[in-house]
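Dear colleague,

Please find the sequence and structure below, followed by a summary of what was found.

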Amino acid sequence: MNEGLGGRSTRAHHHFFSGSYGQTFKFDYVLITLTLLLIAFGLVVLYSALGQNWSGLFNQAIRLFLGLGCLLFASQLRVSTYYRWAPTIYAGTILLLFAVEIFGVSSKGSQRWLDLPGLPSFQPSEFLKISLPLIVGWYLATRNFKLKSFDYLALILIVGLPTGLVFLQPDYGTALILLIGVAVMLFLVGLRLRWFAVGLALVVVSAPIIWNFVFRKYHRERIITLFNPERDPLNAGWNIIQSKTAVGSGGLTGKGLFEGTQSHLDFLPEGHTDFIIAVIGEELGFVWCVALLSCYLLIFSRLMYLSTTATNGFGYVVGTGITVIFFGYVIVNVAMVLGLLPVVGLPLPLVSYGGSSAITTMAAFGVALAVCTHKQDLEK
Amino acid sequence: MSTKRAYDPIPSTLSKTVVYRASSAAVVATVFILLLVARLFQLQIVEHERYATHAADNRLTTQTIPPPRGLVFDRHGNILASNRIVPSLAVIKENVDDVDTLLMNVRSLVDFSATEESSLRKHLEDADSDAKVIIKRHLNDEQLAIAAVNRHQFGNILVITEILREYPLKELTSHVVGSVRQVTKEDLQQLDPVRYRGTKFVGRRGVEKFYEDVLHGDIGHRQVEVNASGRVLSQISEQKAKRGGTLTLHLDIELQRVADEALGDRRGAVVAIDPKTGGVLALVSKPSYDPNVFVTGLEGKEFDRLSTRADAPLFNRATQGKYPPGSTIKPVLGMAGLAAGVIDWELEFEDPKGEFQLPGNTYIYRDWNWSKNGTGGQGQVDLFRSIYRSSNIYYFHLGAVVDIDTFATFLGQWGYGRNTSLDIQDADVGILPSTTWKKENKDDSWYPGDSMNFVIGQGFTLVTPLQLATIATIFANRGKWVRPRLLLSSERPVDLGQNFPPVQGVAESDWERMIEALTAVVHRGHKGYLQNGLAWFHIGMDIPYQMAGKSGTAQVVAIPQGEEYDEELLPEDQRKHALFFGFAPVHDPVIAVATVIENGGGGSEFAAPVVRRVIDSFMADIVATSDE
């Protein structure tokens, strides 16, 4: 199946970017505007959450600036480039995940970080939000979106390998989002519903086994605590109780920026990272929380819309995949902070403090823009 | 596979489905967002109050400031109970992860006994999670230095200063002042939990217990902002603690010391009262104990040791020890006879052999002077002589004609069978028998024989030394009541209660005559055989002032009919109790004193000198003061 690709590659080599600069610069003002709004809002809140620490804020601003650069760069690449490089990117990510498993740095009970010489430490699992949609799109496209039994097995392997590695770190939250993300991708691309029934049946059957034999004790406790956080108010339940208290005490309009007692007196753990929406809830209240969620919904909608305007299957699959995984992070993070899901340790995209998430999220936006808006590739 | 196929647009066979599914995905995403908004609404709008309260509770902590306990002074300003600041090792309960590690760390700083360990374990169990638990009190300078230098290695061990109660006079005042003890969990169910939050001690006996409300003081509060690790960031408001009220007692420490020394090593009690005010000048019960041990946390071990001692040092004999009054009851019964109109000062009874028989009864009631050979008679006895000679026979005659309830009603006015003290903690009421009392307590009727025992103070009647001193006060005041009290003045207002009306039914001349008789007990001498006051030989010969008094000797075991009492034959704890009460000067009394010496022998011989020594000391003071 690869002779077609090979035939294209020489040409594509000379047209690395879609057209030359200045002529066909691809851009979606709606998405960029929403993203910038979100980032700006996030920086203001982060300034408060960091205890009005300028240097921390500056670090994050640099990362976001880098991320913006990645977005702009990634959005200018041709679809064909991504198609051609998808397996390589995938393989690279797998390699990094293995590296995490072997050399990774542990923090708070899981091994998620890679600290390579000369680079800031980063979380390779974050790359999966790009490489997984790419590889799934690539595979489906190579099968012309007509899957045979063997293809399902191949897909399970392709998706299972990286998610399994993430699961082992352990980073259950990310693993779950990726799995559900891929399932939604397959749903969106038109996979027959009966296959989902089969998948669901598999989950139901395997759930007790996973609960008893795969989950570690501390993780089972995390889930049990979610449903009854008061059970252990000083340890496992502390995060949930304090984040709910922070959010709830904010009320309709909040206590005012920098005025949150929960976050500034250290009652709220991880206020600047995973629990940042609790700071928003406490200091800015219901109104701004709803505004923030609306912004995310708008970004989701815009990306979905752009994906449906893609004129090739590959672009559609990759675009929707990136969108769904991005949205998955938002939903799981907020639900976690509000005590609806276990504390699994996921950042709120584009708002939480941290480099890997911010840069890969924006890079993913760039990839989505590229694969969905570059129409000239389809006319070949 | 062609290049074209690889870049195919979305296959037309899929496109319709794709559109449907993409739209449904948008709907689902919106539903998710709405769910989160609903949850936000629930937390931030519906349950806002609850979480706002929780956030405030998180942030603001109210610290309690325990008040220093009020001081206690004697009448001359000598301090009886004070506060002392001592350095101690403490730990906050919730900072203790493992008690064994804590103990190991403590032992690397100071000596720590097994008793201290078990006490610490118990306190750790009882304490609230944020409570400070004392590990070791009273660090000496060396221990303090070692602890201060090395403490940082064990972050949870704190060096704190504590205010501890101190009783500088130790054994001398323990039965008056009492002591405090550490507030226990059980105490907190009785005490006001707000008032005692942060207070470690509560009065357990004596003045400390009776005046707990005055001495405790008012707790202060400090509202502070804390962070999650409990560190205080700022103070929001403070209401200062108010020191407990200072108490000044009537007690005269010098007199107390004299009374204590007068008793020496004997078991017994002395109570001295100022008859003008009812103020208790001395209150001694021996043996005594050092109340400081109850403060310092060794209470369990020390309490066991003290409470199991055969001579019961914790027992307050002065206020709770109940003794047969013996002959000390006679002058009161004489007054009862006069009040009832059955006797007068002229009436005489014949006492040929020191024996008395009730009509139609063969049982022989004997005078103390009785002897086997029949020579124990005291001759003609009138009321006056019945007092200074302490004639049993006179009172057997009186007891045969006056019924017990008449006696009981009259004696009730004198404080028999009642606690008449105003502020003496746990003072016993003693026993004043009557027909009703016997029915209720012995389920039997009153027999004439009961009256025979009653009139010589050997029956059911029991008095405390405090009651005996109160009776001396009533004589000194010619029937006027001043109820005994410890409190001279208090920094905070105290309502002690009313005095009683004077003793009814006795003419003023009868009071004076009876007091003459009581004076004769002490001063009537050189009159020859059976004519001297019973106490004269022992205390009256060289007394430089006029003193009235009455002795009593209370039998502990019954002497069989026809047998003489022989002290040599009895074990120590079955020997007679020696009693005496007295007051002086006779015409304008300034002090009334009573003493009981357990198994001490004859009242005149052994108890009277104790009373005299106390009065001597007090009179000498007065003379010295008036000379200046």
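In this predicted model, helix H12 of chain A (residues 276-308) passes helix H13 of chain A (residues 313-337) in a left-handed crossing. Their axes come within 9 Å and cross at roughly 165°. Since angles over 145° count as roughly antiparallel, H12(A) and H13(A) are therefore roughly antiparallel to each other. On the H12(A) side, the residues in contact include A:Tyr296, A:Phe300, A:Leu303 and A:Met304; those they meet in H13(A) include A:Tyr316, A:Thr320, A:Phe327 and A:Val334. By class, this contact comprises twelve nonpolar and five polar residues, with no charged residue.

H13(A) also meets helix H7 of chain A (residues 172-188), and here too the axes come within 9 Å, crossing at roughly 140°. H7(A) and H13(A) are therefore oblique to each other, and H7(A) passes H13(A) in a right-handed crossing. Among the H7(A) residues in this contact are A:Gly173, A:Ile177, A:Gly181 and A:Val184, while H13(A) contributes, among others, A:Thr320, A:Gly321, A:Val324 and A:Gly328. The contact of H7(A) with H13(A) has eleven nonpolar, five polar and no charged residues. A:Thr320 is listed both in the contact with H7(A) and in the contact with H12(A).

Turning to chain B, five strands form an open sheet in the order S12-S11-S20-S19-S18, with antiparallel pairing. Strand S12 (280-286) and strand S18 (548-554) are the edge strands, each pairing on one side only. From one strand to the next, the twist averages 5°. Within the sheet, strand S19 (residues 577-584) and strand S20 (residues 591-597) of chain B pair in the antiparallel sense over seven bridges, and B:Phe580 stands opposite B:Thr595 in S20(B). Helix H21 of chain B (residues 508-523) packs on this sheet, where it touches S18 and S19 of chain B. The direction of H21(B) makes about 70° with that of S18(B).

As to confidence, the model scores ipTM 0.90 and pTM 0.67. Chain B has a mean pLDDT of 88, and 95% of its residues reach 70 or more. Over residues 1-9 of chain B, however, the pLDDT is below 50, although this stretch has 24 contacts in the model beyond near neighbours in sequence. Where pLDDT is low, the predicted coordinates should not be read in detail.

Yours sincerely

Definitions and conventions
Residues numbered from 1 in each chain as written. Chains lettered and ligands numbered in written order. Predicted model: local features only at pLDDT ≥ 70, side-chain atom pairs only at ≥ 80, totals over all residues. Axes fitted to C-alpha atoms, helices over the stretch in contact; angles between N-to-C directions. Helix = DSSP H or I, 4+ residues; strand = E, 2+ residues; numbered from the N terminus. Parallel < 35°, antiparallel > 145°, perpendicular 65-115°, else oblique. Left-handed = near helix turned anticlockwise from the far one by under 90°. Contact = placed C-beta atoms within 7 Å. Nonpolar A, V, L, I, M, F, W, Y, C, P; charged D, E, K, R; others polar. pLDDT = per-residue confidence, 0-100. Pairing = 2+ DSSP bridges.
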